[in-house]
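Dear colleague,

Please find below the structure that I am passing on to you.

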Amino acid sequence: MRGPAVLRKLEFGDLLLFCYIAVFARQCFWILDSNALAWLLAIALSALLWFAHIRTKAVPEERTPRTFWLVVGLPLFFVYAMRLAFPDMSFDVLNHRLIQSERALRGVLLMPGDFFPTIFPFNPSSDMLTGLTRTLLGYRLGTIVNFFALLWAGTVLNKILRPFIQGATWRCLGILLVLFAENLLFEINTYMVDLLALPLMLEATLVALRYDQSANKSRELIFSALLLGTSAALKLTNIAMIVPVLLIFAFKVFNTWREAKTVRVVLLSAVAFLIPMLPHAVYIYRETGSPFFPLYNRFFRSPFWPDINVYDGRWGPKGFWETITWPLSTITVPERLSELGVYSGRITFGVVAAMLCLFIPRVDRRIRLLSFAMLLGSLLWSATSGYVRYATFVEVLGGVLVLYLSRYIFERAGGWLRPLKLAAAALPLCLLTTQCVFAANYVAQTEWSKRPTVFDDYDAFRKELRWVWRDRELMSFQTQANRALFGPVEAWIVSGVKSNGVQVLLRHDVPMLAVNNLEYFDQPQSRERFARELEALRGKRVFSLTLTEELDASLAFIKRRKLTVGKITTCIVPFFSAHRQIHMTLIEIGLPEKREWPQRSAQAPEVTEATGPLNDNAFNASLSATGAPVTLRPGEKATILVAVKNLSDYVWPARGQKDGKYSINVADSWFDAGDDRLVNNLDGRTTLPRNLWPGESVEVPLTINAPGEAGEYFLEIDLVQEGVTFFKARGSQHPRYRIKVE
């Protein structure tokens with residue numbers, strides 16, 4: 001392909017697309033130990049794939065108007081720049097964004113010796129994107145990829161709106177209003193990653209709307225599948241937004257069915273959709289036994305995570321009816337949409353506009369499809385999270401639909417008096433503009449990192465601006481004293497929720513073991529993995545770095561893992577600035593002495609009292625019941641014999657405190673066999689007759705009481721340390737028996 005031909009096809013989004021391809025290509029070479037070689041191959045593969053994309057794409061029918069860069073680009077850049085000088089220090093960034101990008105850009109997500117240093121090792125592709133620009137441009141300018149993603153989204157919106165708004169200037173003003181939602185602008189200059197998939201989903205939506213007019217349907221379908229698969233890989237919550245677009249494609253493909261050829265293309269598209277997700281899914285499956293670890297663990301059952309699904313009940317709707325009405329009611333409950341607690345109502349306006357566009361007559365068919373995507377996407381978002389950062393796609397669609405309504409009213413009110421016609425047409429536009437004014441006010445006040453703007457503190461902004469482009473290495477900002485502190489570190493213990501980002505920036509080349517994520521110590525395989533990685537650190541200097549305000553909590557986490565605390569040193573860590581500083585504490589960590597497993601001696605007492613919770617590794621038992629009945633009458637009592645074996649390396653004391661706390665009892669629980677709903681876990685209890693040493697067994701009677709209502713139930717047998725936990729919560733065996741109550 002000749003150079004001029006390439007230039008005729010090249011668009012703004014194509015330039016950014018190369019970076020997207022590169023991060024996924026890099027994941028394909030995680031198997032290589034050499035980072036330089038892996039990146040060389042990744043860039044070569046990316047160039048090949050990108051060139052194939054440009055070669056096969058059609059010459060664009062319309063170009064982004066020059067006024068776009070002035071009317072849309074300049075205001076967005078203004079929002080981006082007004083906090084640019086202050087480095088992003090938001091919670092998610094220090095908690096997991098930085099460590100994900102640092103690890104994945106240099107090799108596998110979990111380097112040798114790591115023990116889950118970030119609580120959720122999700123697909124790091126989005127963090128790799130921000131990490132790429134951070135590596136090339138420095139910490140402050142690294143966030144510019146979000147600004148570029150919004151610009152790319154704007155160029156796609158230009159194509160979507162062009163059939164409905166002919167004038168370039170008016171169309172660009174409309175695009176600005178569509179993009180001027182606070183939750184888009186809150187992230188424009190942070191290392192949060194929710195904006196990165198937005199242009200990809202809009203590109204796929206545009207292809208879906210135009211699919212029946214496409215000259216190369218096979219290419220467009222496969223390309224859109226790659227875009228949507230990439231969106232899912234960037235963030236799995238995007239699935240709620242992807243499903244409506246897939247359904248639009250299904251509708252269009254069905255209407256243009258070409259039998260065998262279409263089947264082949266659909267199958268290829270399905271493969272293309274999965275390709276971006278495969279490298280990380282395969283890698284994390286090999287590491288944990290789950291391709292989506294730790295999500296949906298009730299289904300995938302990774303041995304390193306409890307048998308629970310990840311869910312944050314602070315956000316979103318509660319109950320069926322609130323889930324159905326949530327997209328409409330979001331404007332009234334901003335405190336339940338996100339931690340920032342402000343919302344100007346874009347989704348609410350968009351849902352109302354979508355319902356109107358679906359039912360009023362003579363609406364453009366493409367707008368009806370967008371309305372369908374808006375409504376279904378909003379409902380799926382509500383059902384899956386209801387958390388506002390995951391709804392950027394429907395917020396943008398809502399803005400498009402409100403703009404269309406204004407144009408529709410103006411065209412259909414032909415017989416009205418002109419002032420009345422203008423007023424009616426202006427009403428949706430005024431609502432959208434008012435929402436944007438509120439959004440602008442919120443953006444001026446706050447964002448995820450809580451940084452001031454240039455208008456809040458001009459002198460500080462001017463002083464910080466000098467570090468732009470020069471802020472690539474955090475260690476270069478440290479004092480000699482700090483370098484002497486951090487230089488000897490050979491391994492990090494992660495003990496705070498906002499420390500691993502700082503730790504990995506200071507020393508990215510050492511293993512990191514987290515002790516503050518308690519879910520990773522619920523399962524025996526996970527505890528064994530931690531013990532193995534900890535044992536490998538013997539002879540090395542191990543430290544933990546935590547926020548000074550979190551010191552007490554960090555020390556508690558460290559001591560809970562039987563690690564010893566050595567020298568504690570307070571320090572101030574300049575964060576890419578002489579003035580933006582984090583007060584932290586460096587803790588020298590000592591490893592526990594190698595444990596001598598206990599053996600019963602002739603002088604050992606038969607019965608002792610527990611003084612506290614068992615060690616996490618002590619919750620490991622083998623249980624079996626003899627005489628478990630097949631049927632019982634409602635409320636009937638029965639006694640079964642339970643054989644208990646201590647499979648741990650710890651002694652189980654036979655008694656607890658006087659109030660029963662810490663005692664170890666054989667217990668039963670009843671579950672409904674239909675839906676596995678807990679009916680009663682406070683039924684029978686039998687204490688151990690004596691201390692149970694490692695490998696020892698004992699048989700105890702347990703009286704069970706059948707539920708009061710007829711039905712089929714599961715009787716579950718377990719051990720419980722009262723006031724602490726059931727043994728099954730730490731991964732122990734817990735046999736079940738089906739019993740019919742009649």
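The model contains four cavities of 30 Å³ or more. A cavity here is a set of points, on a 1 Å grid over the protein atoms alone, where a 1.4 Å probe fits but cannot get out; lining residues have an atom within 4 Å of a point. Grid points are joined across faces, edges and corners, and a volume is the space filled by probe spheres set on the points. The largest cavity holds about 70 Å³ of space. Its lining consists of Lys159, Ile160, Pro163, Phe164, Leu206, Leu209, Arg210, Arg366 and Leu370. Helix H7 (144-161), helix H10 (198-210) and helix H18 (365-384) each give two or more residues to this lining, and H10 gives the most, with three. Helices are DSSP runs of H or I with at least four residues, strands are runs of E with at least two, and both are numbered from the N terminus. Six of the lining residues are nonpolar, none is polar and three are charged (Ala, Val, Leu, Ile, Met, Phe, Trp, Tyr, Cys and Pro count as nonpolar, Asp, Glu, Lys and Arg as charged, and the others, Gly among them, as polar).

Please note that this is a predicted model, in which local features need pLDDT of at least 70 and side-chain atom pairs count only at pLDDT 80 or more, while totals for chains, interfaces and linings use all residues. Residues are numbered from 1 along each chain as its sequence is written, and side-chain values use heavy atoms, with hydrogens and water left out.

Turning to the aromatic rings, there are 43 pairs (rings of Phe, Tyr and Trp, the last by its six-membered ring, with centres within 6.5 Å; planes under 30 degrees apart are stacked, over 60 edge-to-face and the rest tilted). Phe299 and Phe300 form an edge-to-face pair, because their planes stand at 90°, with ring centres 4.8 Å apart. Tyr404 and Tyr408 are a tilted pair, with planes at 40° and centres 6.2 Å apart. These two tyrosines lie four residues apart in helix H19 (residues 392-412), and are therefore separated by about one helical turn.

Finally, strand E6 (residues 621-626) runs antiparallel to strand E8 (residues 637-646), and six bridges join them (two strands pair if DSSP finds at least two bridges between them). The bridge partner of Leu623 in E8 is Val644.

Yours sincerely

Conventions:
On a 1 Å grid over the protein atoms alone, a cavity is a set of points where a 1.4 Å probe fits but cannot get out, and a pocket is an open set with protein on both sides within 12 Å along at least five of seven lines; lining residues have an atom within 4 Å of a point.
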